[in-house]
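Please read this briefing alongside the sequence and the coordinates. It takes up a few local features, grouped by topic.

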Amino acid sequence: MDKMVINGGKRLEGEVRISGAKNAALPVLTSALLVGGCSTFHNIPDLLDIKTIKKLLRSLGVRMEGGETLRIDASGITHCEASYDLVRTMRASILVLGPLVARMGEARVSLPGGCAIGARPVNLHIKALQEMGAEVTLKEGYVEAKASRLKGAEIYFDISTVTGTENIMMAATLAEGTTTLKNAAREPEIVNLAEVLNGMGARIHGAGNDVITIEGVERLHPVEATVIPDRIEAGTFLIAAGMTGGDVRLIGCDPLHLDAPIAKLRDAGMRVDAEGKTIRARGAETLRSVDVKTLPYPGFATDLQAQIMALTALADGLSVITETVFENRFMHVSEMVRMGADITIQGTSAIVRGVPKLRGAPVMATDLRASASLILAGLAAEGTTVLSRVYHIDRGYQEIEKKLSALGADIRRVPG
Ligand code: UD1
């Protein structure tokens, strides 16, 4: 397994282009299942999770060609089953459930099971499909759903769920009648998906708000559409600029999706200026402590919690980082402590006492965002950090070592 070797202490400077959003590309690609015909999607990032969803779609009989621009054709679906082998490597595989039931009348999808960052059930996806008239059974670790045609329904999500909202929004496009989603998630990735679906002829109103209505149609048609920039990758590079006292310009991002992290980084003393699709981030003389609470969008993203914690580890004073979206999402803490950070966990909060310096150490990635935070810590640390289990970072960051090297970081991938 590859390792990432980082010699810390280099100031980052220059420009970096932000890739397409993993969490937008995944549902956009599964939306192709709703259509008999060839759609074209631009700005698809080159990531392990994207390879996994392509493999899953191919196993269903979907044909595709291309890379960053992908032509994808689900005219000849041959299977309606997502196997355990594929779903267990990526929970987002559940995103085939809604489209398959809606278009094919049936789906069999493995339950994702537990995961490093908490239980993460899919009960809300299932309940919503049942409310739309699907007959759902759980057998041998699989969800089996059947419906000759789904029916529009009024659905209230107990918890704001991103993939749950996406799955049911997709399913509802082909349902008979109108579906209303209440307490829907409001993430920009949902707005992107709704735009793609409306481009296919769906009738979705209100995406981006917590009430979304979807008037079902008989069929959808192919579309050409573009995936939004990755706000989590962008946030990670902003934090990297702050932690190395750097001066970094992000190109091709959407500053409007980054209000919460930008506000926190300014509170921490950084200078962050946005113009059009560009953000310039400059480090602070001294980083100040900040308190952060993760929340559904437009709150501070849980997917940036580990990275902002790395920054507060070096800030002057005491920061409290509270995780409200997932339980058990502090696995990076023990690794950061091994690098000299002073962090203690109290329930759902991490109490971070800033230290003047972190020291390089061998560390292990436990999940995608945790590995990003350890790379950040390594960039700012004195000495050498060796990060193992790099495949986690490859799930969600396109060529991170190349992008960081181009900014002046001393980071290389070595086969392990
Ligand atoms: C998505 C993102 C992930 C991000 C997360 C929260 C994708 C592919 N992944 O994950 O990167 O960290 O949103 O912003 O977009 N829950 C239930 N029952 C359900 C569904 C969810 O209890 O049926 C709970 C979860 O355990 C969690 C909370 O709801 O505590 C939010 O999870 P959810 O928004 O569904 O996360 P994902 O869509 O899996």
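Predicted model: local features only at pLDDT ≥ 70, side-chain atom pairs only at ≥ 80, totals over all residues.

**Strand 21 and its partners**
- Strand 21, which spans residues 349-353, is mostly covered, with 4 of its 5 residues buried.
- Strand 19 (residues 318-322) runs antiparallel to strand 21 and is joined to it by 5 bridges, and within this pairing serine 319 stands opposite valine 352.
- Strand 20 (residues 342-346) also pairs with strand 21 in the antiparallel sense, over 5 bridges, and here isoleucine 345 stands opposite alanine 350.
- Strand 20 and strand 21 form a hairpin with 2 residues between them, and in that turn glycine 347 has a positive phi of about 65 degrees.

**Helix 11 and its cover**
- The buried residues of helix 11 (residues 331-338) include Met331, His332, Val333, Glu335 and Met336.
- Among the elements that cover these buried residues are helix 10 (305-312) and helix 12 (368-380), together with strand 20 and strand 22 (362-364).
- After helix 11 comes glycine 340, which has a positive phi near 105 degrees.

**A nonpolar patch on the surface**
- Met1, Leu48 and Tyr391 make up a nonpolar surface patch, and their accessible area together is about 300 Å².
- Methionine 1, a member of this patch, belongs to the segment that precedes strand 1 (3-7).

Definitions and conventions. Residues numbered from 1 in each chain as written. Heavy atoms only, no water. Patch = residues over 30% accessible without salt bridge, like charges linked within 9 Å, V, L, I, M, F, W, Y side chains within 5 Å. Areas by Shrake-Rupley, 256 points an atom, 1.4 Å probe, with all protein chains shown as cover. Salt bridge = Lys/Arg side-chain N within 4 Å of Asp/Glu carboxyl O. Buried < 20%, exposed > 50% of the residue type's maximum accessible area, 1.4 Å probe, protein only. Pairing = 2+ DSSP bridges. Contact = heavy atoms within 4.5 Å.
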